[in-house]
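Here's a quick briefing to read with the model open beside you.

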Amino acid sequence: MDFGHLMAGLDFSTLPQQLVNGVLLGAIYALIALGYTMVYGVLRLINFAHGEVFMLGAYTALFTSWIFGFKGGAEMPEASLLKLGAMLLISMFVCGTIGVIIERLAYRPMRNQPRISVLITAIGVSLFLQYGGALFLPNSPPPSINEKVMPESLRGAAEINLTPPDAKLKADWEQKTAAAKVANDAYEAVHQTLKPGDPEPPELKPLRDQRNTTDREAQNAQRLLDNSGVRIRIPKGQFLMLGTTVALMVLLTLLVMGTPAGRAMRAVAHDFDSASLMGINVGQTITFTFLIGSMLAGAGAMMNATFIGTPLTTFYGFQPGVKAFVAAVLGGIGNIPGAVLGGLLMGIAETTVVWMGYSSHRDAVAFVILIVVLLFRPGGLLGSSKVEKV
C-alpha cells in the first residue's frame, strides 16, 4: 500500500513547533492520567468520573477569576502571579475535596461488589456530573477565563531560532517596513491637521492608498521572512504551565517514594489484606489516593483553562479524560512513569496528526492508539502482563 500521498506537501520547517506543542499538550494529559493510574494502582478501579473532576477544576478557576474581578467590563484589577497561584491552589483544593466526596459516597459503598458494578457506578457518576452540572453551571454561551488574568510578563511568546532567517528576505523586510513607516507618517501628518467636519483634502487619498500598499508589502515580507527559518515559539504562559507540571510530578514522585503515606499507598496497591494486617488504614489510604489524583486534575484544569483558554462546558473534561485514560493504558496503567510517558506520547501524536493536515481526525488518534496497544502490548509500554502497581 502506498502511503506517499499522506506525506505529500508536508512543511517540515513547522515540525519542531508541533512537537513542542505536543509536549505542552501531553503535559496536561499526563497530569490527568496520573489520577487514573493512581486510583487503578491502589483500587483496581477505572475512575471514569475523573474527567468530570477536571471539568469542575476548570470551572473553579473561572469562578475564582471572577471573584478577583476578571469577569468582564472595562475596568479590571491588575493581574499578578499571586492571583494565578491562588486560582491554582483553590482549583486543586476543590477538586481534591470533590474526589474524596466521590470516593466516600459512590465508590466506598461498592467496594465489595462485583467489579462490573463499580465500573457502572463510575460511568453513572460521570454522567451525573456532566448533566447535573449543566443545571447550575454557566454553559451557554460557553464562558472562558478572561485573558487579562495573565500578568503582562506572561503575555507574548519566547522564540528560539533553530536556523537563521534568509539574509536577503530579512533585508527586504527591513526595507519595506521602513517604507511602510514613512508612508504612514506622511498620511498621519495630513490627517491630524483635519478637524471634525472638515472635507477630505485631495492629497489625502493617494497618501492613504500608498500607506495601505506599503503595509501589505511589509506584511508579505514579514510572512516570507517568518517562513524562511525554523523556529520554536512558546507562549510564556504555557512555558510556566510546563514548569508547574514538572514540579507537581516531582512532588508526586517524592510523595509516593519517600513518605509514610506513599509507602502505605504502595503497600495497599501490592496487597489489600496484607497491608491491613500490617496496621495500615486501607480506607484512609484509598481516600488519600483519590485526594492526590483529583488535586492533580484540578491543577491541570486550571492551567488548561487559563493558559490555553478553551471555552468551558460541562463536557469540558470528557475528551481530555478519555485521552488521558488512553495515555495511562499506553504507558501501562498503574505505573506512574508510564502515565507521564503515555501523556507526552498522546500529545505528540495528536499534534503530529494536525501537522500532517488531518486536524479533523485528531480526536480519533486516541482510539487508534488504544486499539493498537491492546492488540500488541496490553500491559502498556512500561507495563507487563502483570501490571506494575503504584
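Predicted model: local features only at pLDDT ≥ 70, side-chain atom pairs only at ≥ 80, totals over all residues.

Side chains of opposite charge can pair when their charged atoms come close.

- Glu-350 and Lys-323 form a salt bridge through their side chains, at 3.3 Å from N to O.
- Glu-350 belongs to helix α13 (residues 336-355) and Lys-323 to helix α12 (residues 318-331), so this pair ties together parts that sit 27 residues apart in sequence.
- Are these two buried or exposed? Both Glu-350 and Lys-323 are buried.

**The network around Glu-103**

- Which residues join up here in a network of salt bridges? They are Glu-103, Arg-104, Arg-108 and Arg-111.
- Within that group, the side chains of Glu-103 and Arg-104 meet at 4.0 Å, N to O.
- Glu-103 counts as buried because its relative accessible area is 0%, and the cut-off for buried is under 20%.
- Arg-104, at 43% relative accessibility, is partly exposed.

**A pair with an exposed partner**

- Arg-155 and Glu-152 also make a salt bridge, with 3.3 Å between N and O.
- Glu-152 comes out at 60% relative accessibility, so it counts as exposed, the cut-off being over 50%.
- Arg-155 has a relative accessible area of 35%, which makes it partly exposed.

**Pro-16**

- You'll find Pro-16 in helix α2, which covers residues 15-43.
- Pro-16 is partly exposed, with 23% relative accessibility.
- Setting aside neighbours within four places in sequence, Pro-16 touches Leu-162, Val-230 and Ile-232.
- How far is Pro-16 from Val-329, C-alpha to C-alpha? The two atoms are 26 Å apart, while the residues themselves are separated by 313 residues along the chain.

**Ser-294**

- Ser-294 sits in helix α11 (residues 282-308).
- At 2% relative accessibility, Ser-294 is buried.
- What does Ser-294 contact, leaving out neighbours within four places in sequence? The list is His-50, Val-53, Cys-95, Gly-96 and Gly-99.

Technical notes: Residues numbered from 1 in each chain as written. Heavy atoms only, no water. Helix = DSSP H or I, 4+ residues; strand = E, 2+ residues; numbered from the N terminus. Buried < 20%, exposed > 50% of the residue type's maximum accessible area, 1.4 Å probe, protein only. Contact = heavy atoms within 4.5 Å.
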